[in-house]
Amino acid sequence: MLFNSLIFILFALLFFAVWPYARVRNNRRWACLIVASFIFYGWWDWRFLFLIIGSGLLDFGAGLGMERFPQRRRLLLVISILGNVGSLMVFKYSGFVARNLDALCALFGFNVHVASQVPHFMLILPIGISFYTFQSMSYTIDIYRGQLRPTRNVLHFFAYLSMFPQLVAGPIIRARDLLPQLLTVRPSTEQERWDGMKLIIQGYFKKVVIADNLAPLVTGAFSAATLSDSTSYWWFIMIAFAFQIYCDFSGYTDIARGLAKWMGYEFALNFNHPYISTSMREFWTRWHISLSSWFRDYVYIPLGGSKVGTWRSHVNMWLTMLISGLWHGAAWHFVIWGGLHALFLSVERITKWPEVIKRIIGGNMLALVLVNVQVLVAWVFFRAETMEQAMYIIRTMFSFSGALRSGLGHDDTIYLAIAILSELCVFLHLGTKPLVSQKVQRALSPIAWVLVIVACIYLRGPGSEFIYFQF
Amino acid sequence: MLHDRCVKVILYSLVIVVLAGIFKPAPVDPLLRAKTEDARFWVVKTHFSGPCDMMLLGDSRLYRAVSPAAMQTVLPGYRILNFGYSSGGLNPIMYQEVAKRLHGTRLPKIVVLAVTPYSLTPEAARNEHFVQELTRTREDIYQRRYINPYLKFFEPTTPHRISRALRGKKVLPSELYYQEFHDDGWIASWIVPDNPAKALASYRETFSKTQVSPHLEDELMRYTKIWSAKGIRVFAFRPPTTRAMVVLEEQLSGFDEKTFVKRFREAGGVWLSFPPARYHSYDGSHLNKKSAIILSEDLAAKIRQYSVARCDTNAPSTLQ
């Protein structure tokens, strides 16, 4: 079920009609959440519910086992991780591994066809598998580390694991953050409902007005029979893609956070205006925060983090970024995307260029531009359909050739301008001082949000899935 | 409750959304205005499950040129489906659809192939349009078929259109593309003004990249033999178009009509010819509405001559 579909609107209306009655008792509340979440997920393909159930039961059992048999904690953790990584390997990476095995054997003169032997069901990527397996893994790892006590109630556990607002595209919520919240019964206040509504409307605006209207422009550029040879064109297209993916993904998490607020729960911030970053390090504290902090806590730090010497800390960071690239998709261009970010981070750590640049007049703005140039270059590999295409676009972006054109139509320009200006306002701290009194602001605020709703309905772009579903 | 800002927003939104829907500028271009009908049309065609006695396969030259309803005036009782798709191919994937759908009660059952050089190219064999429609989710199909027609009021507009409307400017596109969608698979279409040279450039480019595939010709002959052996009558014709387009296709596509017709007849099919001068193409490729009706009646008349001796008058006369 997509948040931007009519069926989801009906589903949400029904859910929030039942929720006030369901939430009063623990088991009833959790059962209601599980049923709703399974309907939400099963709407796409009910067969893959068994995967969530299987993976969940494994981790629920492992959690209980670790408490009961502390001496076998390590073994149970390994079983849990193998189960989760195994399901990812089967459903997400088997085709990739098989294709690369074929290519590797061909290099040595062996003609093998492993890729064609991969069963069809293994080539279907279950929506959101990367999100819920990571969420599930964090549960057992936290128990292993003694940072969380396992729940003894299977409904409580599955309410956490399958909670529909964040099930398929995050944010990745840690068990230690959500499990305690699920134990409480707290009707949401007027302020929380209002904040939730603002998040939902803002999320829909980002997705259906900005991202969906920029999508045809970007898709057209990347799927053209003959790719443009204009430098300016590709810079504009990459800026458009940067905002398309940002609005698409952060729009989804805004809606998820808003729905959670309506239910009386709190999901942490997942995007914090990443394009106003003035260093690559800052970018990764603002982009997909729940994933980057997951990798920090469960990959980078266990590898030794930055406390094992300069050289090792670079290696750890490279490994983390390469795995993060692979997490996004089973293809080499995602790995290169992760590798490029690692390279930019390494250069930044060694040269400390942001600090140097920020000392000059206008240095902050210059740092912002330089960070975004790096991010855009990396996005080319993320979005390109083949490596050849990515290399061609990169060459064109830096060849300063072709006609001076943007490729943007009237409407594309407006949508892109809205996206860029709203980020610039945050960067320049514009609009932080209220122009009218709080009382007037409170009265006028609903009108402004009504206009945003009207824009979502009448300025929506051609509907499409959320980009991050494929991961 | 009315002090709750969420309630206020919902109530105000209901009013403003209705007002905005009434006053929002509609697109001037009829092509954009018909998007809902267009989406519904392809879903209805692709997921058509009713009984069918005659199926027509081909590309856009077929689905814009042959009206099953007009054919039924000559062949009463025959349930006919125009199964043409944009850039549609004649290839085994489409032939297998015939077996799934030709479940009518009338005899003989009939397959009509609209043979254009493009439909026999590997590019057309990707059947992209057909596959896109076939693989839509249940939810999408249901929405396009039953819900979207009621949501036409909420169709989106654009900032550019709003700004022009506010400035009182109404700029007509250089050409107006009109389409009428019929549930039997026909799209009646015409352009104002006519431009019979319009399609030539894109076809020239297409045939510089793709050519008629001998393998796809062989497959067509193979299926013609299979169908004929099963008692299905197989007809084929080259949809009439402009003389300039025929010359271009002869020169660039690698299609040899004479040899093709000879092989098709040997495989058991019946080749039908139509004098191009009788029909008018609005863009150098597709027939306009009036010509499409004439061609449909001509086609039905020729099919009747060859194969329909008995007519079951009890059968319904239109596709449901």
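A:Phe400 counts as exposed, because 8 C-beta neighbours lie inside 10 Å, and 12 or fewer is the cut-off for that class. The model is predicted. The place of A:Phe400 is the loop between helix H17 (387-397) and H18 of chain A. Its backbone has a positive phi of about 50 degrees, although A:Phe400 is not a glycine.

B:Asn127 is not a glycine either, yet its phi is positive, at about 45 degrees. This residue sits in the loop between strand S3 (110-114) and helix H7 (128-134) of chain B. Is B:Asn127 buried, exposed or partly exposed? It counts as partly exposed, because it has 18 C-beta neighbours inside 10 Å. Buried would take 20 or more, and exposed 12 or fewer.

Another backbone feature belongs to B:Pro193. A cis peptide bond joins B:Val192 to B:Pro193, with omega about -5 degrees. B:Pro193 lies in the loop that runs between strand S5 (187-192) and helix H10 (200-209) of chain B.

**Chain B as a whole**

Chain B holds 14 helices and seven strands. Its C-alpha trace spans about 80 × 45 × 35 Å along the principal axes. The chain has 320 residues, and 37% of them are buried. Take the contacts in chain B between residues at least 6 apart in sequence: 85% of these join residues at least 24 apart.

**Two domains in chain A**

Chain A is divided into domain 1 (6-185) and domain 2 (191-458). Their C-alpha centres lie 26 Å apart. Each domain brings residues to the contact: 19 from domain 1 of chain A and 19 from domain 2 of chain A. Which helices supply at least two residues each on the domain 1 side? They are H1, helix H4 (73-107), helix H6 (129-144) and helix H8 (175-182) of chain A. By class, that side of domain 1 has 11 nonpolar, six polar and two charged residues.

**A helix pair in chain A**

Helix H1 (residues 6-22) of chain A packs with helix H2 (residues 26-45) of chain A. The angle is about 170 degrees, and the axes are 10 Å apart. H1(A) is therefore roughly antiparallel to H2(A), since angles over 145 degrees count as such. From H1(A), the contact uses A:Phe11, A:Phe15, A:Val18, A:Trp19 and A:Ala22. From H2(A) come A:Arg28, A:Arg29, A:Cys32, A:Ala36 and A:Phe40. By class, this contact has eight nonpolar residues, two charged residues and no polar ones.

**Where the chains meet**

Chain A and chain B touch through 20 residues of chain A and 20 residues of chain B. On the chain A side, H1, helix H9 (190-223), helix H18 (410-427) and helix H19 (438-458) each supply at least two residues. Which helix gives the most to this side? H19(A) does, with eight residues. By class, the side of chain A that touches chain B has 14 nonpolar, two polar and four charged residues.

The table sets out the class make-up of the contacts described above.

| Domain 1 of chain A, side touching domain 2 of chain A | 11 residues | six residues | two residues |

Technical notes: Residues are numbered from 1 along each chain as its sequence is written. Chains are lettered from A and ligands numbered from 1 in the order in which they are written. This is a predicted model: local features need pLDDT of at least 70, side-chain atom pairs count only at pLDDT 80 or more; totals for chains, interfaces and linings use all residues. Axes are lines fitted to C-alpha atoms, for helices over the stretch in contact, and angles run from 0 to 180 degrees between N-to-C directions. Helices (H or I, at least four residues) and strands (E, at least two) are DSSP runs, numbered from the N terminus. Angles under 35 degrees count as roughly parallel, over 145 as roughly antiparallel, 65 to 115 as roughly perpendicular and the rest as oblique. Two residues are in contact if their C-beta atoms, placed from the backbone, lie within 7 Å. Ala, Val, Leu, Ile, Met, Phe, Trp, Tyr, Cys and Pro count as nonpolar, Asp, Glu, Lys and Arg as charged, and the others, Gly among them, as polar. Domain bounds come from an automatic or database domain assignment.
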